[in-house]
Amino acid sequence: MAHIRPQMEGRWLEVLRDEFTSDSFTSLKEFLVEEKKAYTIYPPGPEMFAAFNATPFNKVKIVILGQDPYHGPGQAHGLCFSVPPGVPKPPSLLNIFKEINDDLGIPVPDNGNLTKWARQGVFLLNATLTVRANQAGSHQTKGWETFTDAVIRELSDKRENIIFILWGNYAGAKKSLIDTDKHHVLMAAHPSPLSASKGFFGCKHFSGANGILQDLGLRQIDWSIE
């Protein structure tokens, strides 16, 4: 199982040590080993924990929560909603950029790689970290949610003044894991074309998050993508 042993930023490894040794995570690893024998899995193994490595535990300012990785070839690279350079922007990501354009006047970029956000402290976490090729949601309820719920709880317990951005009913349900007395929660509809017009467009979460950071005396996020 060495190929799915967590390769993760040190502080994350420290706070999640109990999760990695739990029965749930052991079962998840066994499931992934069997899946990889029979199917193509996204994202590639080295990128499974990319969000954790791009945004160290002590650097998290904002959490954006997705559901599961993109399931098409070359799309998923470990950051929710993000795609590598050169990959066409999926509809939800395009709507995110449209809202940023409306909110902040930043032009819609050609590139859908959100690594620049992650390096500024935007933790781009999917609730499920892997998926079977071409089968959306295929790794849900296999153990990842137990792990990522623990991630949210650790951030809530051990940090202060994180801004949690929760889009859609699935992400919104995670509010119960967050201590709202010490953190900030922004909620809206999901950016998918099915729901973006029902409360995502016009949510102004990007300027809103920067306003909170400014009030806290923290550097604001540059939401532009080169």
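Phe81 is buried, at 9% relative accessibility (buried means under 20% relative accessible area, exposed over 50%, partly exposed in between, with a 1.4 Å probe and protein chains only). Its phi is near 70 degrees, a positive value in a residue other than glycine. Phe81 sits in the loop between strand S2 (62–66) and helix H5 (91–104). Helices (H or I, at least four residues) and strands (E, at least two) are DSSP runs, numbered from the N terminus.

This is a predicted model, in which local features need pLDDT of at least 70, side-chain atom pairs count only at pLDDT 80 or more, and totals for chains, interfaces and linings use all residues. Residues are numbered from 1 along each chain as its sequence is written, and side-chain values use heavy atoms, with hydrogens and water left out.

**Backbone features in other loops**

- Asn134 also has a positive phi, about 65 degrees, although it is not a glycine.
- Asn134 is exposed, with a relative accessible area of 56%.
- The loop that holds Asn134 runs between strand S4 (131–132) and helix H7 (144–158).
- Tyr42 and Pro43 are joined by a cis peptide bond, with omega about -5 degrees.
- Pro43 lies in the loop between strand S1 (41–42) and helix H4 (50–54).

**The sheet**

- Four strands form an open sheet with parallel pairing, in the order S3-S2-S5-S6 (two strands pair if DSSP finds at least two bridges between them).
- Strand S3 (122–126) and strand S6 (184–188) stand at the edges; each has a single partner strand, so one side of each is left without a neighbour in the sheet.
- Neighbouring strands of this sheet are turned by 20 degrees against each other on average, direction ignored.
- S2 and strand S5 (residues 163–167) run parallel and are joined by four bridges.
- Ile62 stands opposite Ile163 in S5.

- Asn210 is buried, with a relative accessible area of 7%.
- Leaving aside neighbours within four places in sequence, Asn210 is in contact with Gln220, Ile221 and Trp223.

How values were computed. Contact means heavy atoms within 4.5 Å. Axes are lines fitted to C-alpha atoms, for helices over the stretch in contact, and angles run from 0 to 180 degrees between N-to-C directions.
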